[in-house]
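This report walks through a protein model, sheet by sheet and helix by helix. Please keep the sequence and the structure in view while reading.

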Amino acid sequence: MTDRRLRAVAVTPLPEALADRVRAAEPRLDLIVEQDLLPPMRHPGDHQGDPDFVRSEADERRFQELIASAQVLYGIPGERPAQLAAALRANPAIEWVQLMPAGGGSQVKAAGLTAEELGRVRFTTTAGVHAVPLAEWCEFALLAGFKTLPRLQEAQRAHEWAESRWMMRRLEGSRVIVVGLGSIGRLVAERLARQGVHVLGTSRRPVVVEGVEQVVDPRDLAAAVGDVDGIVVTLPGTEETRHLVSAEVLAAAKPGVVVTNVGRGTVIDQEALIAELQRGRIGFAGLDVTDPEPLPADSPLWDLPNVLISPHTAALSDREDELIADLFARNATRYLDGEPLINPVNTHEFY
């Protein structure tokens, strides 16, 4: 343990109780939180804060002075990539930025930072914090498709008791491929395997993951989906993952397959997904993410009976803020002790 101290400034909403929790966990961290300079949170996990919040000119000067004094930023102002770039250029002494999203690499990419800035500053995300609620949502979406939720809701709205019953698929014994075996995908695989699901997964490298019976190279995805009952997408949005679940993959899928996406909307060719939903090859889609976001009001996805839309909210829970604060404290200890940080952003592929 070193005697070095680290000055961090919260530029995103952080309740005082959690700030104290971070300080207690890592006493060498000087965490500055000026609550009157931060927008109030509207709900747990609201890292942007109230959009109607406006600082006075004097308060804005104080806020910028705090940023100029920081070695570490907790969040980025307003969750706006342009503000991240402005902060780093105003203060070359910033060494590390803790981003709030699990997919914070996209914020770094959108900031348009120079190679020097990307090399000078370390960025970390909150990957793993949201794994449990997202894994739960994946199970929920798979079950919604397997248990014919749209048909049940339609009959209920019509006050119709079916004269003849119909078969529902079992999750147990089904085959599901998890596209992406990061922290979320691994937990999805583990939970599904415990329920008797035969789980496949995709990875560009040879890996052994608990609960995964077979690892498939993403390039072979089209050949793998013809034999699965469910496709779970957990990948971040990068140039490499864009439309990985392509028109070819969707056309090769087993008829009636259930698709769910909690990664990024760009991973799936959305136009191809709509076409396959309309013709019925894709039996059901549960989407927490779309391309673009917000989903335009005229998108066919809104009105398709075999689609469930969640407005990128599946990751939110009442424990999110404390889990992020705890992760930040652990990373601060690692930073001060010269150990590798948890969830570093790959500044080449931005995930």
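## Strands S1 and S2

Strand S1 (residues 6–10) pairs with S2 in the parallel sense, over four bridges. The model is a predicted one. Within this pair, Leu6 stands opposite Leu29 of S2, and Ala8 has Leu31 in S2 as its bridge partner. Both of these S2 residues, Leu29 and Leu31, belong to the covered face of strand S2 (residues 29–32). The uncovered face of S2 holds Asp30 and Ile32. In a regular strand, side chains alternate between the two faces of the sheet.

## The five-stranded sheet

S1 and S2 belong to an open sheet of five strands, ordered S2-S1-S3-S4-S5, with parallel pairing. At the edges are S2 and strand S5 (122–124), each of which pairs on one side only. On average, neighbouring strands of this sheet are turned by 20° against each other, direction ignored.

Helix H12 (residues 320–336) lies across S1, S2, strand S3 (72–74), strand S4 (96–98) and S5. The direction of H12 runs at about 160° to that of S4.

## The seven-stranded sheet

A further open sheet has seven strands in the order S8-S7-S6-S9-S10-S11-S12, again with parallel pairing. Its edge strands are strand S8 (212–216) and S12, each pairing on one side only. From one strand to the next, the twist averages 15°.

At the S8 end of the order, strand S7 (residues 198–202) and S8 pair in the parallel sense over four bridges. Leu200 has Gln214 as its bridge partner in S8. H6 touches S6, S9, S10, S11 and S12, and its direction makes about 155° with that of S10. H11 touches S11 and S12, and its direction makes about 135° with that of S11.

## Helix H6

How many residues of H6 are buried? The count is 12 of 16, so the helix is mostly covered, buried being under 20% relative accessible area. The buried residues are Ala131, Pro133, Leu134, Ala135, Trp137, Cys138, Glu139, Ala141, Leu142, Ala144, Gly145 and Phe146. Their cover includes helix H7 (149–157), strand S6 (175–179), helix H8 (183–194), strand S9 (230–233), strand S10 (257–261) and strand S11 (282–287).

Helix H6 (residues 131–146) reaches 22 Å from its first C-alpha to its last, close to the 22 Å expected at 1.5 Å a residue. Just after H6, Thr148 takes a positive phi of about 55°.

## Helix H11

In helix H11 (residues 270–279), the buried residues are Gln270, Ala272, Leu273, Ile274, Glu276 and Leu277. An α-helix has 3.6 residues a turn, so residues three or four places apart point the same way. The buried residues of H11 pack against helix H10 (247–252), S11 and strand S12 (307–309).

At the N-terminal end, Asp269 caps H11, with a side-chain oxygen 3.3 Å from the backbone nitrogen of Glu271. Following H11 is Gly280, whose phi is positive, near 95°.

Thr238 sits in the loop between S9 and H10. Why does Thr238 count as buried? Its relative accessibility is 8%, and the cut-off for buried is under 20%. Leaving aside neighbours within four places in sequence, Thr238 is in contact with Glu349, Phe350 and Tyr351.

Asn261 is found in strand S10. Is Asn261 buried or exposed? Asn261 has a relative accessible area of 1% and is therefore buried. Not counting residues up to four places away in sequence, Asn261 touches Val233, Ile268, Gly286, Leu287, Asp288 and Val289.

Notes: Residues are numbered from 1 along each chain as its sequence is written. This is a predicted model: local features need pLDDT of at least 70, side-chain atom pairs count only at pLDDT 80 or more; totals for chains, interfaces and linings use all residues. Side-chain values use heavy atoms; hydrogens and water are left out. Buried means under 20% relative accessible area, exposed over 50%, partly exposed in between (1.4 Å probe, protein chains only). Helices (H or I, at least four residues) and strands (E, at least two) are DSSP runs, numbered from the N terminus. Two strands pair if DSSP finds at least two bridges between them. The expected span of a helix is 1.5 Å times one less than its number of residues. Contact means heavy atoms within 4.5 Å. Axes are lines fitted to C-alpha atoms, for helices over the stretch in contact, and angles run from 0 to 180 degrees between N-to-C directions. A polar contact is a pair of N or O atoms within 3.5 Å; within protein, one must be able to donate a hydrogen and the other to accept it, and residues adjacent in sequence count only if both atoms are side-chain atoms.
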